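Hello,

Here is the structure I promised to pass on to you. Please open it first, and then read my notes below with the model beside you.

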Amino acid sequence: MGSLDDRRKGKIVKIAILGSTGFAGSFLLAEALARPELAVTAIVRNPGAVSPHERLTVKKGDVFDTGSLADALRGHDAAIHAFHPGRAASMADVYDQCVAGHEAIIAATRLAGVPRLVCVGGAASLMTPEGKEYLDSSYWDKAFDPYRNAILGTRALYYLLKPVTDLDWVFLAPSAWLRPGQRTGRYRTGKDDMLFAADGTSSISNEDFALALINEVITPRHHRERFTVGY
């Protein structure tokens, strides 16, 4: 698997990003392309939606088709799972779409022999100071209520990964609010507990979230576990 040691030897680390045109994935793609030690493959439904780059290969793929997805993933050092069906999907079935996508991506990563699966997670399962998961706590922001099924779908990924022992997976959970902002390069990491700033807010910009995740791809520090990032 690609690692910091490989980079020191001059090896290009090959990564594939699933969902590279999405809310989180587009920032991950930009961050990955800014790193000369990475060769990047974007696996998307519509290749025409991705701008060309000298270190970018674009492949058409369907996350619900395990066989063809495995073909697209084969030969990479790591896969980044940033797939989400999106808020435009019917809220009635978005949870099922999320779970089906998660299961297919895990299966395809196995089938392709890709050793490392780095996943964009959500904050819903992080623990709050009252000893409850964020989604079930008094800290929950009701602004997220319309997207509850989608959030449950992202939370499900963590519980699907927990029993997996044959992949070196990691689930990176953002703080409660993940939104575009600035790439400050300054953030804190934690494990299972939600991070709060001194003013009581829990947030991270898409740019700094992408920075933290790509740093984890290049220099793996977490293995078969969740961690979180925030200010």
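**Strand E10 and its partners**

In E10, Glu 225 is the bridge partner of Val 170. Helices (H or I, at least four residues) and strands (E, at least two) are DSSP runs, numbered from the N terminus. This is a predicted model, in which local features need pLDDT of at least 70 and side-chain atom pairs count only at pLDDT 80 or more, while totals for chains, interfaces and linings use all residues. Residues are numbered from 1 along each chain as its sequence is written, and side-chain values use heavy atoms, with hydrogens and water left out.

Two strands pair if DSSP finds at least two bridges between them. Strand E6 (residues 168-174) pairs with E10 in the parallel sense over five bridges. Strand E8 (residues 188-190) pairs with E10 in the antiparallel sense, over three bridges, and here Gly 230 of E10 is the bridge partner of Arg 188. E10 itself (residues 225-230) is mostly covered, with five of its six residues buried. Buried means under 20% relative accessible area, exposed over 50%, and partly exposed in between (1.4 Å probe, protein chains only).

**Helix H4 and its neighbours**

Next, please look at helix H4 (residues 94-112). Its 19 residues reach 26 Å from the first C-alpha to the last, close to the 27 Å expected at 1.5 Å a residue. That expected span is 1.5 Å times one less than the number of residues. The buried residues of H4 include Val 94, Cys 98, Gly 101, His 102 and Ile 105. An α-helix has 3.6 residues a turn, so residues three or four places apart point the same way. Among the elements that the buried residues of H4 pack against are strand E1 (13-18), helix H3 (66-73) and H5. Just after H4, Gly 113 takes a positive phi of about 75°.

Gly 153 is placed in helix H5 (residues 148-161). Leaving aside neighbours within four places in sequence, Gly 153 is in contact (heavy atoms within 4.5 Å) with Tyr 95, Cys 98 and His 102. Gly 153 counts as buried because its relative accessibility is 0%.

**The cysteines**

How many disulfides are there? A disulfide is a pair of cysteine sulfur atoms within 2.5 Å, and by this rule the count comes to zero. Cys 98 is in no disulfide, with the nearest cysteine sulfur, that of Cys 119, 13 Å away. Cys 98 counts as buried at 1% relative accessibility, and Cys 119 does at 0%.

Enjoy exploring!
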